[in-house]
Amino acid sequence: CTVRLWTATTGRNVVVAQDHSSDVNVCRFDERGTVLASGSSDGTVLLWDVDTGEFKMSLDGHDDVVSSIAFSEDGARIVTASQDRFVRMWDTESGKLLEVLCGHEDKILSCDVTPDA
């Protein structure tokens with residue numbers, strides 16, 4: 001499936017992402033608007049450089065639909081929620097999985113990060 005991003009002022013197509021193998025359910029920008037994250041039914045989250053349109057990395061770990069994405073205010077962390085009942089926190093520079101939050105008894109539809117992270 002494809003994610004497309006255009007600049008509102010020029011209409012120029014900045015990002016064309018075709019690397020998800022299933023539906024894209026959620027997209028989120030970091031606070032600076034320099035990174036775009038897309039989450040898919042295939043359980044992956046892909047990160048894109050908005051300025052260049054280049055693929056940065058894939059965050060693989062969910063076993064079901066990625067339903068929500070949130071960046072920390074400084075952009076150093078990303079939190080992803082899934083219908084697999086887990087919330088995962090990742091380092092956005094390395095792609096390293098930092099923490100898995102469990103305990104939900106049903107699918108998770110939304111997540112967020114407080115300003116103080």
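Before I look at partners, a reminder to myself: two strands pair if DSSP finds at least two bridges between them. I am working from a predicted model.

**Entry 1: the sheet.** I began with the overall arrangement of the strands. Four of them make an open sheet, ordered S3-S4-S5-S6, with antiparallel pairing. I noted strand S3 (24-29) and strand S6 (55-60) as the edges, since each pairs on one side only.

**Entry 2: S3 to S4.** I went along the sheet from S3. S3 and S4 run antiparallel and are joined by five bridges. Val24 has Ser40 in S4 as its bridge partner. The two strands make a hairpin with five residues between them, and I found Gly33 in the turn with a positive phi of about 75 degrees.

**Entry 3: S4 to S5.** Which residue in S5 is the bridge partner of Val35? I found Asp49 there. This hairpin has three residues between the strands, and Gly43 takes a positive phi near 85 degrees.

**Entry 4: how covered is S4?** I checked strand S4 (residues 35-40) for burial and found six of its six residues buried. Both faces are covered. On one side I listed Val35, Ala37 and Gly39, and on the other Leu36, Ser38 and Ser40.

**Entry 5: S5 to S6.** To finish the sheet, I looked at strand S5 (residues 44-49), which pairs with S6 in the antiparallel sense over five bridges. Here Trp48 stands opposite Phe55 in S6.

**Entry 6: salt bridges.** How many salt bridges does the structure hold? I found two.

In one of them, Arg32 pairs with Asp30, with the closest N and O atoms 3.2 Å apart. Arg32 is exposed, at a relative accessible area of 58%, whereas Asp30 is buried, at 4%.

The other salt bridge joins the side chains of Asp91 and Arg77, at 3.0 Å from N to O. Asp91 sits in strand S9 (residues 87-91) and Arg77 in strand S8 (residues 77-82), so this pair ties together parts that are 14 residues apart in sequence. Is Asp91 buried or exposed? Its relative accessibility is 16%, so it counts as buried, the cut-off for that being under 20%. Arg77 is partly exposed, with a relative accessible area of 32%.

How values were computed
Residues are numbered from 1 along each chain as its sequence is written. This is a predicted model: local features need pLDDT of at least 70, side-chain atom pairs count only at pLDDT 80 or more; totals for chains, interfaces and linings use all residues. Side-chain values use heavy atoms; hydrogens and water are left out. Helices (H or I, at least four residues) and strands (E, at least two) are DSSP runs, numbered from the N terminus. A salt bridge is a side-chain nitrogen of Lys or Arg within 4 Å of a carboxyl oxygen of Asp or Glu. Buried means under 20% relative accessible area, exposed over 50%, partly exposed in between (1.4 Å probe, protein chains only).
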